[in-house]
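Below are some notes on the fold of one chain, written to be read beside the coordinates. They take the sheets in turn, then the helices, then the chain as a whole.

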Amino acid sequence: MSATGKAGFIVARKLGERVELLRELENLLRILSTQVDYALTPFPDALVAAGRISSSAVKGFCSFVLKELHNGKSLEMAWKEGVETLLERTPLHPEDLAPLLSLAPVLGVSDRKDQVRHLQLAQELLRQRQYTADVDAKNNQKLWRSAGVLVGLMVVLLLI
Amino acid sequence: MRERMGLGKPTRAVLEEEILPFLAFSLREPLRRLPVEVKENLLEIRLRLGRTVMLVTADGDLTLPGSPCLDKAAMDQTLQFLTQSSLYAREEELRQGFITLPGGHRVGMVGRAVLEQGRIRTLKHISALNIRLARQVLGAADFVLPYLVENGVFLSTLIISPPGAGKTTLLRDLIRQVSTGVPALGLKGHKVGVVDERSELAASYLGVPQNDVGPRTDVLDGAGKAEGIMLLLRSMSPEVIATDEVGSPADVAALEEALVCGVRLIATAHGNGINDLSHRPFLRELIVRGLFTRVVCLGNSCGPGTVEEIRNGDGSKLLGPSRKLKGKEMADASQAHRSAALDVRYGEGRIYSCP
């Protein structure tokens with residue numbers, strides 16, 4: 001009962017984490033957009049600044065991209081691989097990361113106005129994903145917690 | 001060649017440490033495999049989309065061996081490395097058509113210009129790059145400086161030269177020496193303000209001068225000359241103002257304003273000798289109005305950097321080819337020769353000293 005209950009709570013927690021991560025990724029893009037727009041900060045430096053004030057998963061993403069850039073990879077490749085790593089290590093769904101992936105070929109290769117437009121569009125798309133994830137979490141978190149306990153209870157009853 | 005000119009770092013080391021990390025991976029190995037003598041003579045690397053990579057050396061042009069035509073992937077990768085994957089951060093420089101790298105190397109660019117209200121806003125579809133290796137020649141001003149100092153006072157100086165004859169190199173070293181001071185000439189260090197419109201003098205990268213411009217030098221990077229001179233006068237109380245390639249009426253007005261404030265000037269202008277100024281009214285005015293006490297003319301008669309003549313502001317010669325120096329001129333010139341760091345006879349006076 002405790003195992004199934006725990007499993008239900010883990011799934012429920014991941015639903016909440018997904019919403020939180022999407023919010024943090026939106027913040028990351030907001031910081032990058034500000035650094036690009038107001039300070040014309042080079043992208044690697046903007047990533048350092050953004051990573052400094054982000055949670056561990058987003059900070060890890062920034063560090064990964066920076067490391068790959070340092071190894072001589074293009075920003076497009078480094079960003080893509082960073083997003084793939086994020087997908088492997090977090091409860092985010094592939095469609096949640098589509099806005100980030102769409103940025104890969106355009107980051108750093110155009111003027112300020114264009115960069116800000118792309119970053120703002122990606123923020124907007126992330127916000128929509130966040131809304132969907134939030135609704136999903138609200139609908140299902142309680143369900144998973146209860147289901148975990150109930151399945152455990154049923155197993156116990158069956159065994160008795 | 002850099003070593004011959006007394007520079008600290010050989011060109012081959014500059015190429016490998018300061019240029020190669022900014023080039024596409026496919027270009028690095030062919031450049032690394034170049035013979036040492038080619039690396040040492042290297043002046044420019046020219047990348048053109050769809051064409052072979054050209055190297056401009058002191059001995060002429062050659063194509064980069066072992067490198068096929070430059071494809072778009074290599075050009076894009078080079079651009080990413082050059083701009084740190086941040087084209088937007090170099091927008092202002094792109095508008096001017098070049099960016100500066102650490103070490104002061106300049107990368108000229110052309111492509112499709114994006115216009116805004118008739119002016120270039122930025123460049124896109126960049127199709128050609130010209131990577132010019134920076135060449136700071138420490139000691140380039142050793143030969144001429146004794147002519148430009150009188151009783152320990154630095155005299156306002158105009159350097160006239162055709163393109164590629166070394167006026168910017170000479171100006172850069174004059175800035176350094178005037179800023180540092182030259183005890184042998186009784187010249188104390190001066191506060192020097194530099195208006196570096198094209199980032200060629202100090203070669204600032206992210207605001208930090210990459211060339212040695214002396215300890216008392218303040219650099220205003222990227223500003224127009226006329227506006228920049230006025231800003232320096234207001235803000236930095238310079239004793240000497242230096243700027244490259246003057247010539248417009250606004251430049252002349254700003255230089256006059258600086259003189260009124262008691263500031264001495266060092267400037268350069270394009271031209272083949274002082275006679276060339278007669279065809280260019282605004283430049284002629286610089287001399288007629290007595291803005292400059294000395295005029296140094298550089299040329300190529302004995303190779304780039306030859307000091308062709310040095311004149312007083314009134315036109316009289318201190319050093320020149322067509323007649324023997326007499327009287328005070330001779331005394332001035334010989335005094336200057338004796339006190340100069342190099343023992344140079346006329347015709348051998350070059351800002352690039354030979355081994």
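1. In this predicted model, strand β2 (residues 54-57) of chain B is joined to β3(B) by four bridges, and the two run antiparallel. Within this pair, B:V56 has B:D61 of β3(B) opposite.

2. That pair belongs to an open sheet of six strands in chain B, ordered β3-β2-β1-β6-β5-β4, with antiparallel pairing. The edges are β3 (60-63) and β4 (98-100) of chain B; each has a single partner strand, so one side of each lacks a neighbour in the sheet. Ignoring direction, neighbouring strands here are turned against each other by 35 degrees on average.

3. Chain B also holds an open sheet of eight strands, and its pairing is mixed. The order reads β13-β10-β14-β15-β9-β16-β17-β18. At its edges stand β13 (217-221) and β18 (317-319) of chain B, which pair on one side only. From one strand to the next, the twist averages 20 degrees.

4. Strand β14 (residues 240-243) of chain B pairs with strand β15 (residues 264-270) of chain B in the parallel sense, over four bridges. Opposite B:T243 is B:A267 in β15(B).

5. Which strands does helix α6 of chain B lie across? Helix α6 (residues 167-180) lies across β9 (157-161), β10 (192-196), β13, β14, β15 and β16 (294-299) of chain B. The helix runs at about 170 degrees to β15(B).

6. For the chain as a whole, the secondary structure of chain B amounts to ten helices and 18 strands. Of the 355 residues in chain B, 55% are buried. Among contacts in chain B with a separation of 6 or more, 62% are between residues 24 or more positions apart. Chain B exposes about 15300 Å², of which carbon and sulfur atoms supply 52%.

Notes: Residues are numbered from 1 along each chain as its sequence is written. Chains are lettered from A and ligands numbered from 1 in the order in which they are written. This is a predicted model: local features need pLDDT of at least 70, side-chain atom pairs count only at pLDDT 80 or more; totals for chains, interfaces and linings use all residues. Side-chain values use heavy atoms; hydrogens and water are left out. Buried means under 20% relative accessible area, exposed over 50%, partly exposed in between (1.4 Å probe, protein chains only). Contact means heavy atoms within 4.5 Å. Accessible areas come from the Shrake-Rupley method with a 1.4 Å probe; for residues, only the protein chains shown count as cover. Two strands pair if DSSP finds at least two bridges between them. Axes are lines fitted to C-alpha atoms, for helices over the stretch in contact, and angles run from 0 to 180 degrees between N-to-C directions.
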